[in-house]
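Keep the 3D view open as you read.

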Amino acid sequence: MTLRQILILLAVAACILLLLPGLGRYSAYIVYVVAIASIGALALNLLIGYCGQISFAHGGLLGVGAYAAGNFGNAGQDMVVALAGAGFVTALISVMIGLPALRLRGLYFAIATLAAQFILEYLFRLLEPLTHGVSGLLIEPAPFLGFGVSTDRGYAAVSIILLVLSLIGVSRLLRTDLGRRFILIRDSEMVARGMGINVARTKFWAFAISGFLAGIAGGLLAFTTRIAAPEAFEIALSVDYVAMIIVGGLGSLPGAVIGAFFVVLLPEVVQRLGEYFNAATQTSAIREMIFGLLIILFMIYEPRGLNSLASRLWRRWRGAGTKPAKTPSGAMDLRPSSEPAE
Amino acid sequence: MLTARDVTIRFGGVVAVNKMEIDVRPGEIVGLIGPNGAGKTTFVNAISGTYIPAEGSIRWHDEEIVGRSPSYLARIGVGRTFQNVASLNDLTVLDIVKVGRSVRKPSGGLRQFFFGNRRQDNDLTDKFLEPLGLADHRDSPLQVLSYGHRKAVDIARALAGEPDLLLLDEPVAGVAPAEAFALAGFVKRIRDQLGCAVVMVEHKMDVVMSTCDRIVVMAAGAKIFEGSGAGVQSDPEVRRVYLGDA
């Protein structure tokens, strides 16, 4: 992200924060739900879109963050401390989930994360002292740096601030040697290895940093919903997040936000439509079908997601005339890698 | 400083490299030539740690390096380029050169995170991109460059780590003749500047002849000749391997 983009981001965030007091409760709710999902999608995009490690355990990781933050918060910690603690705990679990990535690649690794997701779901139900099992962990409101923020507007402000910090942080990270190594490993693990990059260590950091952000997103989920229950962090949530980054754009920072926006608002829209047509009971099935259809359509027609679509339209609108470089290869290939033997 | 002895590499039942040996002294440019399938690239892969030989020893400054990882070897100064340059998507020319730099000479991650490192960017551009004619392309993504330019980027990437031993795997294959000689000249200049040793696998004989101090000929996985450029052309065994029995 260039300095100019960071300034634009800060300006947009400042506008939202200034508008917050004038927003209704529902609008504020939408703002924080989208902002939290954006942080979660950013975490997953770092792992999948930038480092090429497909994971279906993201829902479980958000759960780890939620339970950790909930426990820290209930122990009387400030929200900042609780979220940081949740970040570190989740980073640790994320690294453990990433261990098979030292041996497995592509879809094979994705299957391993699927197993991790189910183990986490099981643990959420089993570790009663920490999670209160199936009934869920109730979470007390916590102050943010001493300020009481337990209103929808307060949560919206906190979430926007943390989203901006995460966006700037990840964009800066991508401009370091570590960030460049992530991208190189995504493009070709074999080339990265040949160039002398320590692939294992680089992946370790990808899982740790992605896990840290996932922990913060999960923690925010916990504080805003006041409860962490196992059924909130099931495989469906993992699929939602994968959908976000595919729809928004793999390997794109704005894509994480756009995708989160889309995937969070879609059920709201479907819900409204359902009520309008007096078919509210069928809406959840419709939602899943629309998701599946969208992912398929995006993989075929716009593998770089809404973000790329938007920037193309923007260029056409400005009449730049220059045709953007066609990058069919730019989309991450989800098929098992078929690198040449030599 | 590099001493390889009895290096044997098998893929299943195929013996790709068979008791190969080589000595490379500091500051020397050694050409490694041979017909297709002779095992040149496989041998280079063994030196750079990509393949682990079934038998034999490779020593670098008195340290046994068989079984060491490519990242370890890069750190102790063994750099390499690739025959087929990868098509990388998002990284720019400068990004790739920085990656090459970082494997040998890492710079502070936190410093980069907070401040970036513009001075290093300019240093790397002047030192490694400018001489290869890549300075204008430093912010271009790799996939928009010509094949020859991409090969040059790969060489700049390997050189940015300032290796003590540079393994060049067909650096000028598929590159236009004029560019090829410019590249070869650059390799020589870099050797003079950095004092590194170079092992160059190459098919273009005129480039090999004009660049290398010594030539090693491989056939069927083994060394069949070692000597000067003139010696190669007159050696009957080499002629037989390259031209077939008369």
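The paragraphs below go from the interface to the core, then to the sheet, the hairpin and a few single residues.

This is a predicted model. Start where the two chains meet. On chain A, 25 residues are in contact with 26 residues of chain B. Helix 7 (152-173), helix 8 and helix 9 (189-194) of chain A are the elements that give two or more residues to chain A's side. Helix 8 of chain A supplies the largest share, 7 residues. By class, the chain A side divides into 8 nonpolar, 9 polar and 8 charged residues.

Now look at one helix pair across this interface. Helix 8 (residues 177-187) of chain A meets helix 3 (residues 93-104) of chain B, with axes that come within 10 Å and cross at roughly 110°. The two helices are therefore roughly perpendicular to each other. From helix 8 of chain A, the contact uses Asp177(A), Arg180(A), Arg181(A) and Leu184(A). From helix 3 of chain B, it uses Asp95(B), Lys98(B), Val99(B) and Ser102(B). Sorted by class, the residues of this contact are 2 nonpolar, 1 polar and 5 charged.

Helix 11 (residues 235-248) and helix 14 (residues 305-318) of chain A have axes that come within 3 Å and cross at roughly 20°. These helices are therefore roughly parallel to each other. Helix 11 of chain A contributes Ile246(A), Val247(A) and Gly248(A) to the contact. Helix 14 of chain A contributes Gly305(A), Leu306(A) and Asn307(A). This contact has 3 nonpolar, 3 polar and no charged residues.

Next, the core. In soluble globular proteins, nonpolar side chains tend to be buried together. Here the largest nonpolar core has 168 residues. Which of them touch the most other members? They are Ile39(A), Ala217(A), Ile245(A), Ala156(B) and Val198(B). Helix 2 (residues 25-50) of chain A gives the largest share of this core, 17 residues. Take Ile245(A) as an example. Leaving out residues up to four places away in sequence, Ile245(A) touches Ala41(A), Leu44(A), Asn45(A), Ile48(A), Gly49(A), Leu250(A), Gly255(A), Ala256(A) and Gly259(A).

Turn to chain B and its open sheet. Six strands make up this sheet, in the order 6-7-8-3-9-10, with mixed pairing. Strand 6 (78-80) and strand 10 (222-227) of chain B stand at the edges. Each has a single partner strand, so one side of each is left without a neighbour in the sheet. From one strand to the next, the twist averages 20°. Strand 3 (residues 29-33) and strand 8 (residues 197-201) of chain B run parallel, joined by 4 bridges. Leu32(B) stands opposite Val201(B) in strand 8 of chain B.

Chain B also has a hairpin. Strand 1 (residues 2-11) and strand 2 of chain B run antiparallel, joined by 7 bridges. The bridge partner of Phe11(B) is Val14(B), in strand 2 of chain B. There are 2 residues between the strands of this hairpin, and Gly12(B) takes a positive phi near 60°.

Is Val153(B) buried or exposed? Val153(B) is buried, because 29 other C-beta atoms lie within 10 Å. Its place is in helix 6 (residues 147-160) of chain B. Not counting residues up to four places away in sequence, Val153(B) touches Val93(B), Ile96(B), Leu134(B), Leu142(B) and Leu145(B). Arg25(B) is exposed, with 12 other C-beta atoms within 10 Å. Arg25(B) sits in the loop between strand 2 (14-24) and strand 3 of chain B. With residues up to four places away in sequence left out, Arg25(B) touches Met1(B) and Ala197(B). Arg25(B) and Cys196(B) are 171 residues apart in sequence, yet 9.3 Å apart in space, C-alpha to C-alpha.

Finish with two backbone details. Most residues other than glycine have a negative phi. Arg226(A) has a positive phi, near 65°. Its place is in the loop between helix 10 (199-225) and strand 2 (227-228) of chain A. Arg226(A) is partly exposed, with 14 other C-beta atoms within 10 Å. Ala220(B) also is not a glycine and has a positive phi, of about 50°. Ala220(B) lies in the loop between strand 9 (214-219) and strand 10 of chain B. Ala220(B) is partly exposed, with 15 other C-beta atoms within 10 Å.

Notes. Residues numbered from 1 in each chain as written. Chains lettered and ligands numbered in written order. Predicted model: local features only at pLDDT ≥ 70, side-chain atom pairs only at ≥ 80, totals over all residues. Axes fitted to C-alpha atoms, helices over the stretch in contact; angles between N-to-C directions. Parallel < 35°, antiparallel > 145°, perpendicular 65-115°, else oblique. Contact = placed C-beta atoms within 7 Å. Nonpolar A, V, L, I, M, F, W, Y, C, P; charged D, E, K, R; others polar. Core = buried A, V, L, I, M, F, W, Y, C linked by C-beta atoms within 7 Å. Buried ≥ 20, exposed ≤ 12 C-beta atoms within 10 Å, placed from the backbone. Pairing = 2+ DSSP bridges.
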